[in-house]
Every structure is written in structure tokens, then in C-alpha cells.
Amino acid sequence: MGIRGTTLSHHVATRRSARLDSSDLSLILERIEHVAKRISGALAHSSLGDDLGYTGETNVQGEQTKKLDRWTNEVFLDAFAHHHPVCSLVSEEMEEALHLNPECRAPSYAILFDPLDGSSNTDVNGSLGTIFSIRKRTGVHSSEVADILQPGTEQVAAGYILYGPGTQLVYTAGAGVDIFTLDHRRGAFMLWREGIKMPPRGAAYAVNQGNFVKFHPNARKFIEHLTSRKDKTTSYALRYTGAFAADFHRCLLEGGLYLYPGEATPAGQTKGKLRLLYELAPMAMIAEQAGGKASNGKGRIMEVLPGSLHDRQPIYIGSAAEVELAEQMKVEG
Ligand code: AFP
């Protein structure tokens with residue numbers, strides 16, 4: 001079979017991006033492409049060496065760290081170590097932001113990322129992801145993070161890499177959503193679909209149904225409604241992989257809903273699981289750019305002001321019809 005098509009680098013260089021200088025975007029995405037290729041290659045062979053399993057440590061979230069969580073985080077740090085215009089890195093795996101390049105001058109950027117999304121899938125050869133958000137830093141480089149602790153509406157670009165049977169990179173810079181597939185023969189990401197539009201309604205939902213009893217009563221009613229099989233709009237199939245990037249990707253291409261409702265706390269409040277800055281805000285930007293929606297059950301995820309780097313929120317993301325219905329049913333009270 002012949003190999004033709006547009007590479008990611010050519011596509012970025014020749015397309016106007018809505019929110020940041022396209023030469024900056026090219027530089028940053030070239031590094032993310034490098035990260036994606038390294039991680040994709042390592043995951044393909046991870047069961048052949050000593051790369052699976054736990055490190056024996058816990059991360060800032062109190063979760064047990066997998067060896068691949070730690071390694072993929074290092075891949076990111078290596079990739080951006082000497083890289084103007086990126087001056088700050090915020091990761092699921094690091095308690096504090098890492099500030100690079102003291103001489104970094106405006107315009108400079110922060111990358112916020114989950115290096116290995118769905119890490120419970122590492123040891124079972126399941127789908128995994130990497131999620132990233134790009135924000136412009138204000139003024140000269142500083143170790144303050146107030147300009148990073150801003151709502152998702154301040155993102156200039158966002159994306160994710162999905163490591164499934166194939167590796168795909170999805171991104172938006174505020175002018176639509178494009179998808180690229182890693183062509184191992186050519187060593188490059190090739191354009192697969194441009195200007196993706198999420199279907200306005202879907203036929204599948206993704207949730208950890210095992211947590212059902214912990215959800216707010218209205219979230220439980222919502223799930224019961226989706227599966228009550230009275231008609232076409234109440235006959236959803238359950239599809240859940242344990243990797244947000246993989247479950248969201250299905251919604252992006254085929255429509256439907258990913259939800260991780262808040263879990264009730266003993267104090268009577270609900271608490272989200274997914275992290276706002278490097279999981280939810282970037283996916284929300286992609287969903288909206290594709291015509292979908294993302295809500296914490298009460299309002300737009302993109303408008304939530306983070307209190308700290310590792311804040312969590314409930315999430316209802318996907319096709320507009322399902323997200324709107326969740327809000328109407330007051331799923332989070
Ligand atoms: P990490 O692997 O990055 O910690 O994230 C996993 C995740 O945030 C998301 O990818 C999954 O959809 C969700 O958590 C899985 O959570 P459960 O194991 O509780 O279903």
C-alpha cells in the first residue's frame with residue numbers, strides 16, 4: 001500500500017490557529033509528537049521487559065504509582081527540558097509546577113498534562129492515553145501559578161493521544177478539532193480527520209457503574225433513565241474502558257456520554273474524581289470545539305475556576321443532548 005497524506009507538522013505549519021502564534025504551536029506540538037512516539041513505542045513492548053506493575057510509591061493524589069506513570073512523566077520532562085517557549089509544566093504526577101528555563105520570556109506557555117491516563121490498563125494491554133492542555137503564561141516567566149489557576153476558557157490549545165490498536169493524536173487550537181494517526185512506517189502522525197463534529201446525540205454511555213450507590217440520587221435517576229429502554233432515547237449501551245481518553249474518543253466519533261459523577265462524602269457533599277486542569281478542561285475544550293458539551297452537572301466545565309493545581313470535579317461530557325439532559329435532571333443537586 002502506498003503512503004500519502006499530510007503530516008501533523010505540515011498541517012500545523014500551514015493552518016491558522018485561533019489562539020496562539022502558529023510558530024509557537026508548531027514548536028510545542030513537535031515536542032508533544034516526540035513524547036507520543038516515545039510512549040507509543042514503549043507501551044507496545046512494555047510486557048516484554050520489566051516495565052509493568054507498581055513502583056511501590058504513591059503520587060500527590062494518594063494513588064499507587066505505576067512504573068509507566070513515572071516513566072511517561074519523565075518523558076515529558078525530558079522533551080521540554082530546554083524548550084523555549086514552554087516555561088512551566090504541571091503534571092498529575094508532580095505535586096508542584098515545574099518551572100523551566102529561567103530566561104524564558106513572553107510569550108511563554110505552560111503545559112498541563114496527565115502523562116498516562118487510564119494507568120490501571122497498563123498491565124492488561126488495554127487502551128491508554130496522554131492528555132494535555134496549553135496555556136499562555138502572563139508577563140515574564142514567574143514561579144507564581146495564579147495565571148495557570150484560571151478557567152479552561154483561558155486554554156490556547158488542548159489535546160490527547162490515544163494508545164489503542166493504533167496511536168492517534170487529537171488536538172484543537174481553537175479552530176476545530178483534527179485527528180492524526182501515527183504511521184509507524186513513516187515515523188509521523190498523518191492527518192486522518194479534519195474539523196471533527198461530534199454527533200448531537202449518541203447510543204452509548206461510559207461510567208464506572210460499580211460506583212452507582214455512591215452517586216447523588218439524581219445521577220442515579222439519570223442513569224436509570226438512560227437505560228430504561230422505553231424508546232430509542234432511553235436505550236443506551238454501556239461502554240467503559242477505564243481510560244478517559246478512550247471513552248471520550250468514542251463519544252467524539254460516535255456521540256454519547258462519558259460521566260464520572262461526584263461520589264457522596266460522609267459530610268453529605270459530592271466529590272469528583274477526575275482532575276480539572278489536565279483531564280477535564282482540555283477534554284472540555286475539544287468537546288466544545290467539536291460541537292459537544294462538558295458540564296460538572298451544574299454548569300460549563302470550561303468556566304470552573306480551579307482552587308489548586310490538582311482540583312477535581314464531577315464530569316458529564318459528550319454529545320450536547322445527553323449533557324443537557326444531565327443538567328436538566330440536576331444530576332449533582
Ligand atoms: P489515571 O490513570 O490518570 O489516574 O486516571 C484514570 C481516570 O482518571 C480516567 O482515565 C478513568 O476514566 C477513571 O479515572 C477510572 O476510574 P475508576 O477506576 O474509578 O473507574
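Predicted model: local features only at pLDDT ≥ 70, side-chain atom pairs only at ≥ 80, totals over all residues.
How are helices H2 and H3 oriented relative to each other?

Helix H2 covers residues 22-45, and helix H3 covers residues 67-80. Their axes come within 9 Å and cross at roughly 150°. Angles over 145 degrees count as roughly antiparallel, and H2 and H3 are therefore roughly antiparallel to each other. The crossing of H2 past H3 is right-handed. On the H2 side, the contact is made by Ile28, Arg31, Ile32, His34, Val35, Arg38, Ile39, Ala42 and Leu43. On the H3 side, the contributors are Leu68, Trp71, Thr72, Val75, Phe76, Asp78, Ala79 and Phe80.

I turn next to strands E5, E6 and E7. Strand E5 (108-117) and strand E6 (128-137) run antiparallel and are joined by eight bridges. Within that pairing, serine 108 stands opposite arginine 137 of E6. E6 also pairs with strand E7, residues 155-163, again in the antiparallel sense and over eight bridges. Here arginine 135 has glutamine 155 in E7 as its bridge partner. How many of the ten residues of E6 are buried? Nine of them are, so E6 is largely enclosed by the rest of the structure.

The loop between E5 and E6 holds asparagine 125. This residue has a positive phi of about 55°, although it is not a glycine. Is asparagine 125 buried or exposed? Its relative accessibility is 74%, and asparagine 125 therefore counts as exposed, the threshold being over 50%.

Let us now move to the open sheet. Five strands form this sheet, in the order E12-E11-E13-E19-E17, and their pairing is mixed. Strand E12 (237-238) and strand E17 (293-295) stand at the edges. Each of these two has a single partner strand, so one side of each is left without a neighbour in the sheet.

Helix H4, residues 217-226, lies across strand E11 (204-206), strand E13 (257-260) and E19. H4 runs at about 150° to E13.

Two individual residues complete this part of the account. Serine 319 sits in the loop between E19 and H7. With a relative accessible area of 0%, serine 319 is buried, since buried means under 20%. What is serine 319 in contact with, leaving aside its neighbours within four places in sequence? Its contacts are Met198, Pro199, Pro200, Arg201, Gly202, Gly255 and Gly256. Lysine 330, by contrast in position, is found in the segment after H7. Lysine 330 has a positive phi of about 50° although it is not a glycine.

To close, I return to the opening question: H2 and H3 are roughly antiparallel to each other.

Technical notes: Residues numbered from 1 in each chain as written. Heavy atoms only, no water. Axes fitted to C-alpha atoms, helices over the stretch in contact; angles between N-to-C directions. Helix = DSSP H or I, 4+ residues; strand = E, 2+ residues; numbered from the N terminus. Parallel < 35°, antiparallel > 145°, perpendicular 65-115°, else oblique. Left-handed = near helix turned anticlockwise from the far one by under 90°. Contact = heavy atoms within 4.5 Å. Pairing = 2+ DSSP bridges. Buried < 20%, exposed > 50% of the residue type's maximum accessible area, 1.4 Å probe, protein only.
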